[in-house]
Amino acid sequence: MDKLLIGTVLKPQGIRGELKIKNYTDDFYAISALKEVFIDGVSYQVLKMRCDKDVFILLRGIADRNDAELFRNKDIYALKADVRRKKNTYFICDVIGCSVLFEDGTVFGKIEEILSARTDIYYISTPEGRVIAPWLKSYQANFDIENRTVTVNKEEFLKEINYEN
């Protein structure tokens with residue numbers, strides 16, 4: 001049962017036991033259909049979830065603000081299979097560990113870490129050292145999660161990378 005960290009409880013909201021959460025997914029769409037979440041390994045049924053500029057969630061078993069207060073700063077997980085993804089998107093945890101290949105099959109390195117930002121930053125270990133690469137569309141990346149590879153356009157990719165000192 002693979003679980004993903006989807007957010008952290010920031011604080012109680014209102015008097016009915018609703019929780020305000022910091023959403024770690026790309027957008028509300030990814031979590032909006034969840035029926036179950038996990039906090040401290042305990043399963044909670046989602047009664048209601050809404051988003052204005054923040055995300056709020058109401059869970060069965062949290063009756064009021066006092067109960068909700070006990071969840072402050074707790075991480076919220078969901079089953080990976082229940083988190084929705086848009087077409088041609090991948091979970092960061094699935095991309096980390098993939099080998100970066102050039103179109104000719106040459107292995108460049110292995111993805112160690114991804115910093116999620118407006119333009120994601122990939123940290124790649126290579127025989128020459130660790131590389132930092134903003135992830136751009138010009139790389140024409142082909143993700144093959146099953147085979148743990150990401151194939152990129154060599155010329156475009158090499159223009160943008162920087163080696164860490």
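Reply:

Asn88 counts as exposed because its relative accessibility is 61% (exposed means over 50% relative accessible area, buried under 20%, partly exposed in between; 1.4 Å probe, protein chains only). This is a predicted model, where local features need pLDDT of at least 70 and side-chain atom pairs pLDDT 80 or more, while totals for chains, interfaces and linings use all residues. Residues are numbered from 1 along each chain as its sequence is written, and side-chain values use heavy atoms, without hydrogens or water.

Asn88 sits in the loop between strand 6 and helix 2 (helices are DSSP runs of H or I with at least four residues, strands runs of E with at least two, numbered from the N terminus). Its phi is positive, near 60°, and the residue is not glycine. Most residues other than glycine have a negative phi.

Asn73 also has a positive phi, about 70°, and is not a glycine. Its loop runs between helix 1 (65–69) and strand 6. Asn73 is classed as exposed because its relative accessibility is 59%.

In soluble globular proteins, nonpolar side chains tend to be buried together.

Beyond neighbours within four places in sequence, Leu19 is in contact with Val9, Lys11, Val55, Phe56, Ile57, Leu59, Ile62, Ala68 and Phe71 (contact means heavy atoms within 4.5 Å).

Thr25 is in the loop between strand 2 (18–23) and strand 3 (36–39). A relative accessible area of 18% is why Thr25 counts as buried. Its side chain makes a 2.6 Å polar contact with the side chain of Asn23 (N or O atoms within 3.5 Å, one able to donate a hydrogen and the other to accept it; residues adjacent in sequence count only if both atoms are side-chain atoms). A polar side-chain atom of Thr25 also lies 2.9 Å from the backbone oxygen of Asp27.

Now Ile111. It is 86 residues from Thr25 in sequence and 20 Å away in space, C-alpha to C-alpha. Ile111 belongs to strand 8, residues 107–115. Ile111 is buried because its relative accessible area is 1%. Not counting residues up to four places away in sequence, Ile111 touches Val95, Ile96, Gly97, Cys98, Val100, Tyr122, Tyr123, Ile124 and Val150.

Ser138 is found between strand 10 (129–134) and strand 11 (142–144). Ser138 is partly exposed because its relative accessibility is 29%. Its contacts, leaving aside neighbours within four places in sequence, are Asn153 and Glu156. Leu158 is 20 residues from Ser138 along the chain, and 11 Å separates their C-alpha atoms.
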